[in-house]
Structures are given as C-alpha cells and as structure tokens.
Amino acid sequence: MVYTSLEQRAAQGYLDLFPPFIPDGQAPVSVSEQKEFYDRMEKLYRLAYGEPQLFVPTLHEDDTPPPLYSGVSDPKRGAKRSCLKRVGTALH
C-alpha cells in the first residue's frame, strides 16, 4: 500500500489492530455508552489516517518501501510516536 505520509502509515497500523466491538454486560456503563466510546475511538483513528496533519505540525514523506518495512529499523519512528502521542493527548 502507498501512503501519503509516514503519519498515515502509523495510523493505518492502529486501524489494522483495532478490535471488533465486544460489549461488557458487567461494566459500570451501559452497552450503548460502550458502543459510543468505541465508535468515537474508531472515528479518531480514521481521522488520523485521513487527515494526519490535524495531529502533527509537519507531515513526513513515507519513503519506506512497503515490502521492506520494519518498525525496528525505521529511522523515522520518532515521527510516528509524535503522531500517536498527539492522538493520545486528544483523547484525554
């Protein structure tokens, strides 16, 4: 897959790992409230993918060849962390 930015690639990783909704009948909040929170989180990750510039001041070119991608050897991991920290800050 071709990404428009490194931040978009990072957001895609979170979308790929986003779990299906499983309600907890024993939770102190209702199932509808759980679903509402779940939907908001999914929308936030989709927004981070579609418009990463809302979370970071400067987008970085995604020059990582897709078949060779490895998070361990990625020299731009700091940019990904910055994007994900801003998503986390937006949630709090």
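Reader: Where in the protein chain is confidence lowest, and where is it highest?

Author: The protein chain averages a pLDDT of 86, and 82% of the residues score at least 70. Where pLDDT is low, the predicted coordinates should not be read in detail. Confidence is lowest in helix 3 (residues 77–91), at a mean of 72, and it is highest, at 97, in helix 2 (residues 31–50).

Reader: Is the aromatic pair of Tyr-14 and Tyr-45 stacked or edge-to-face?

Author: The structure holds four aromatic pairs, and one of them joins Tyr-14 and Tyr-45, with 5.5 Å from centre to centre and 20° between the planes. Tyr-14 lies in helix 1 (residues 6–17) and Tyr-45 in helix 2, so this pair ties together parts that are 31 residues apart in sequence. Since planes under 30 degrees apart count as stacked, the pair of Tyr-14 and Tyr-45 is stacked.

Reader: Which of these terms describes Tyr-14, buried or partly exposed?

Author: A residue counts as buried under 20% relative accessible area and as exposed over 50%, with partly exposed in between. Tyr-45, at 15% relative accessibility, counts as buried. Tyr-14 has a relative accessibility of 37%, and therefore counts as partly exposed.

Reader: What is the angle between the ring planes of Phe-18 and Tyr-38?

Author: Phe-18 sits in the loop between helix 1 and helix 2, whereas Tyr-38 belongs to helix 2, and the pair links distant parts of the chain that are 20 residues apart. Tyr-38 is buried, with a relative accessible area of 16%. The two ring centres are 4.9 Å apart and the pair is tilted, because the planes of Phe-18 and Tyr-38 stand at 40°.

Reader: Which residues form the one aromatic cluster?

Author: Tyr-14 and Tyr-45 form a stacked pair, and the rings of Phe-18 and Tyr-38 form a tilted one. These residues belong to one aromatic cluster, made up of Tyr-14, Phe-18, Phe-21, Tyr-38 and Tyr-45.

Reader: Which residues does Leu-44 contact, leaving aside its neighbours within four places in sequence?

Author: Leu-44 has its place in helix 2 and, at 14% relative accessibility, counts as buried. Its C-alpha atom is separated by 9.8 Å from that of Ala-11, 33 residues apart along the chain. Leaving aside its neighbours within four places in sequence, Leu-44 is in contact with Phe-55, Val-87 and Leu-91.

Reader: Which residues does Gln-12 touch, not counting those up to four places away in sequence?

Author: Gln-12 is found in helix 1, where the buried residues include Leu-6, Ala-11, Gln-12 and Leu-15. Its own relative accessibility is 14%, and so Gln-12 counts as buried. Not counting residues up to four places away in sequence, Gln-12 touches Met-1, Tyr-3 and Tyr-49.

Methods. Residues are numbered from 1 along each chain as its sequence is written. This is a predicted model: local features need pLDDT of at least 70, side-chain atom pairs count only at pLDDT 80 or more; totals for chains, interfaces and linings use all residues. Side-chain values use heavy atoms; hydrogens and water are left out. pLDDT is the predictor's confidence in each residue, from 0 to 100. Helices (H or I, at least four residues) and strands (E, at least two) are DSSP runs, numbered from the N terminus. Rings of Phe, Tyr and Trp (its six-membered ring) pair if their centres lie within 6.5 Å; planes under 30 degrees apart count as stacked, over 60 as edge-to-face and the rest as tilted. Buried means under 20% relative accessible area, exposed over 50%, partly exposed in between (1.4 Å probe, protein chains only). Contact means heavy atoms within 4.5 Å.
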